[in-house]
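Here is a short report on a two-chain model. Read it alongside the sequence and the coordinates.

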Amino acid sequence: MAKDSVFRKFLSKNSITPVNYLPLVHGSEAYLLKKSLKDGRLKTSVCDVFKPDELLYFFVGRPAYKKEAVSEGEYWELPSCILFDFEVSGAKRVFPFDTGAFHAKRYPSYINMMEMSDYEIDSSESEIKRAIGAFFGSSRDYYRLNPRSQEMFESLHDVGATDEEIHALHRLIKHRSKRSDDRRFSIEVQFAEAFEFTRRKPIFAVFPEIYLDSEIFMGWIKKYDVLLETYPYYPLRGDYYYSAIYEKIDKFYRENGYYEV
Amino acid sequence: MKYRLDILIDLSPNSKGLLIPVFKIDGSNMPFVQEMNDSFEVHEMKPYFSADNYEYCLSDVRISTDVGEKGVIAFRSFDESVYVGDISSVMKYRDANRVEFSNYPLLDLQLARICGEAVSALYEKWRSAAKLYFNGKEINSWCDGELALFQKNGAIWRSINSEKIKYEAEIHEVFGSHSFEYIFRWLVANMDHNNWPNVWVKAFKMYPFDERLHAIANKWLVSAMGSGVYIGELRLILYCHLEYIGGENISDIDFSEVFTEYVLSLGQDLSYVLYPNDFPYLVVSNLDFEREEKSVNSFVAAIIDRISGDVRYASTLGKIEKHIK
């Protein structure tokens, strides 16, 4: 159970309509997720932010790839992602943003000056849905990072001038910058245990399209009965890959009723 | 500084399809991948630490490129040969071998897309590829997804280009049309600036072995490592600088002391210095063995333990063993 953080207090004192759930998304370099399919599980690993915990990270709904937050400039990436049903019982921690980016001070100073712990929320299904519902009118708006306007947000909620942390969070969602990209409001869910695919079945995956031609890879996809989408990897451009992955997941959500209230 | 083709990442070995060229600059083992624009010109060369984690193949073709020039396209063709060339040569090659490609739907689709085929022609190729890899309703679903993505391509690239302009204005304003000398002076005067590492890497790409550039990297690294900056934040500069020190046979006791203390504290973050695959050797060869002999030996043993048995590290392991003898 998370401590009574500022964000939790805000959620508890306001009447918030929860949004529909979206799946849990785990994104990583293609070779790592290919290996996960081979092994039949996603493994935990030591995290720089919550040492010495070994954790497995997901974002709710959004393929906000948890890439390294480095100041040396960006590295090239070949991303991929796997989606799981929204099942959060057993989660260790939940935050409304990428804690790695917060820790590495990738967010603007108005939010990085706050305590990260002020934003931790409970790992219950209802609290996560309400956390999204506070800032977004629907799960589709959340996916598209299209938050309520400041006026609307303030008229709907009891949020005063002294609730700096909440104002900062809303400002962060609206802050468009490559430095903090789409992780500025993506609900991060941490698990302290591996995801065994026999127990937590992957439902959807996006990989570079050449994997279609690998019999071994396609054998794993069939074994776990995962719906596979692909993206073209030429022209070689990381920003394009993320856009393509977002489009493919958006289609999956639309066709499978995830956006319906 | 030209980037010359080194290896081709082979995501699905033996498949007929596109390969990912990895480049190096003379004297460095840092792998780079060309980020392209939608006209297949090189927009940026980005370091790619993970290159060693994929299977790869080689090409006899000697080719190089640079930012602003035509990008390099590579694929395994219908006859198992590895083709490497720019967009113009790929179009000619495809025109000369159109019939052959139709037997390999995915390669056919990939080249049709690159060569700018109309959506009507692409749709047939999506269907052919989908029938090969999917069954039942998944065939239509995959084709629909490809069509929807294709129709959004224009908007996606407009968004990428506008973001790029904003990002460059925000981050790279120091460059503009300025010379290396201007950038170097900026680096000297702005050691505490948030973007210092980013700017240094840009300067490194221009003149990777400029002595002054490494003198200032040394100073910055000593400060960053001394204050415990996270390894993920400095490993690129560290790698480039260690390569330079090794190549020039430079011995710097002060650097070595701070460096040794820093890497001994890496713990689980040791994985950050395991690739490119000569990184472990560069680390070991710069350790101060006299400073904390027991800890240093344990650290070296941990590195050897992590890379032993991995064929990619055979040469590195040999060099480490030779060094510690």
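## Around B:Ile9

Beyond its neighbours within four places in sequence, B:Ile9 is in contact with B:Leu19, B:Ile20, B:Val22, B:Ala51, B:Tyr54 and B:Tyr56. Two residues are in contact when their C-beta atoms, placed from the backbone, lie within 7 Å.

This is a predicted model: local features need pLDDT of at least 70, side-chain atom pairs count only at pLDDT 80 or more, and totals for chains, interfaces and linings use all residues. Residues are numbered from 1 along each chain as its sequence is written, while chains are lettered from A and ligands numbered from 1 in the order in which they are written.

## The nonpolar core

The largest nonpolar core has 153 residues. A:Val189, A:Ile245 and B:Ile9 touch the most other members. H9(B) gives the most to this core, with 10 residues. Domain 1 (1-90) and domain 2 (180-324) of chain B both contribute residues, so the core lies between them.

Such a core is a set of buried Ala, Val, Leu, Ile, Met, Phe, Trp, Tyr and Cys residues joined through C-beta atoms within 7 Å. A residue is buried if 20 or more other C-beta atoms lie within 10 Å of its own, exposed if 12 or fewer, and partly exposed in between.

## Domains of chain B

The bounds of domain 1 (1-90) and domain 2 (180-324) come from an automatic or database domain assignment. The C-alpha centres of these two domains of chain B lie 26 Å apart. Their contact takes 11 residues from domain 1 and 14 residues from domain 2. On the domain 1 side, 7 are nonpolar, 3 polar and 1 charged.

Classes are as follows: Ala, Val, Leu, Ile, Met, Phe, Trp, Tyr, Cys and Pro are nonpolar; Asp, Glu, Lys and Arg are charged; the others, Gly among them, are polar.

## Interface between the chains

In chain B, 46 residues are in contact with 35 residues of chain A. Elements of chain B giving two or more residues include strand E2 (18-24), helix H5 (137-171) and helix H9 (231-248). H5(B) gives the most to this side, with 9 residues. By class, the chain B side has 26 nonpolar, 13 polar and 7 charged residues.

Helices (H or I, at least four residues) and strands (E, at least two) are DSSP runs, numbered from the N terminus.

## Chain A

Chain A has 10 helices and 10 strands. Its C-alpha atoms fill a box of roughly 60 × 40 × 35 Å along the principal axes. Buried residues make up 49% of its 261 residues.
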